[in-house]
Amino acid sequence: MAFDNIFGIAGTALNAQMVRLNSTASNLANASTEASTEEAAFKAKRPVFEALLSDEMTNAGAQYVGGVKVSGMVDDQAPNIKVHDPGNPKADADGFVYLSNVNEVTEMVEMMGAARSYQNNVEVINTAKALMMRTLDITKA
Amino acid sequence: MKIFDSALGIHEKALGLRSQRLEVIAKNIANADTPHFKAQDVDFKAALDSVETSRNLSTTDSKHFDIPDMGTGRNLVYSVPFGNSLDGNTVELNVEQAKYGKAAAQYQATLRFLESDISGIRKALKGE
């Protein structure tokens, strides 16, 4: 029954968008994090989405083919800003601290995108559910 | 059952195809943010033609089950996007939403046809 697949596919998308929303929350929470070295400084994290194209990519027997998965997380490549702040306990020998490279505006846009995509897939599930119920009603005809 | 096959006509096959088309569009919507994903759609006319003309896998014993072949797998086409995107994804969410809504309405229309066929059969059986 094709409707089972719709629920599975939209479910994988809900999952992936939730990971995206979570990483946005984490990035925003760490927006003002400071560090002593550029390597240790916080870098914004983003999920990489990948389409589930075959059975091998999902659990055996699960109706997820055609859905989406998070294949990994990547760091934002933007440079970490270096600020002279000798009074900061995190300051290095020269008195510099490294700020996170989180851009709040980008994160807000990501958040809205993730929320809209999530809502979209919820609507897909609702429509499929309504159609499934209508199909059951065929016995009353 | 032979009698019901002819009574329900094309709508029975159309219902299966329509639900599979909904699935294909759901896949597109799920992958709206996946880089390099190419949106697909069902070539409905070709799929319906192949369901009508092709024989199902033949069964050699009366105890074998019929294997339904909806034919959508062979009749998938790639959608041509209105604009290009930077990440190579060709899903246009608004277009897919509209398609999904329309496909859901078409599914209900096919259901309505089936319902009236079934109530017709039921009336005939009762002999009212």
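Helices (H or I, at least four residues) and strands (E, at least two) are DSSP runs, numbered from the N terminus. On that basis, chain A has two helices and five strands, and from the N terminus on its elements follow the order α-β-β-β-β-β-α.

The model is predicted: local features need pLDDT of at least 70 and side-chain atom pairs count only at pLDDT 80 or more, while totals for chains, interfaces and linings use all residues. Residues are numbered from 1 along each chain as its sequence is written, and chains are lettered from A and ligands numbered from 1 in the order in which they are written. The predictor's confidence in each residue, pLDDT, runs from 0 to 100; chain B averages 83, with 84% of the residues scoring at least 70. For the complex, the predictor gives an ipTM of 0.74 and a pTM of 0.78.

A residue is buried if 20 or more other C-beta atoms, placed from the backbone, lie within 10 Å of its own. Two residues are in contact if their C-beta atoms, placed in that way, lie within 7 Å.

| Property of chain A | Value |
|---|---|
| Box filled by C-alpha atoms along the principal axes | roughly 80 × 30 × 20 Å |
| Buried residues | 30% of 141 residues |
| Contacts between residues 24 or more positions apart | 66% of the contacts with a separation of 6 or more |

**Interface and nonpolar cores**

Between the chains, 25 residues of chain B are in contact with 25 residues of chain A. On the chain B side, helix H2 (10–30) and helix H4 (93–126) each supply at least two residues, and H4(B) gives the most, with eleven residues.

A nonpolar core is a set of buried Ala, Val, Leu, Ile, Met, Phe, Trp, Tyr and Cys residues joined through C-beta atoms within 7 Å. The largest has 33 residues, of which A:Ala10, B:Leu22 and B:Ala26 touch the most other members. Both chains contribute: helix H1 (2–29), strand S2 (45–51) and helix H2 (104–136) of chain A, and H2, helix H3 (44–53) and H4 of chain B, each supply at least two residues of this core. H2(B) provides the largest share, eight residues. Leaving aside neighbours within four places in sequence, B:Leu22 is in contact with residues of both chains, including A:Ile6, A:Ala128, B:Tyr100 and B:Tyr107. Apart from this core lies another, of six residues, among them A:Phe42 and A:Val97.

Note on methods
A residue is buried if 20 or more other C-beta atoms lie within 10 Å of its own, exposed if 12 or fewer, and partly exposed in between; C-beta atoms are placed from the backbone.
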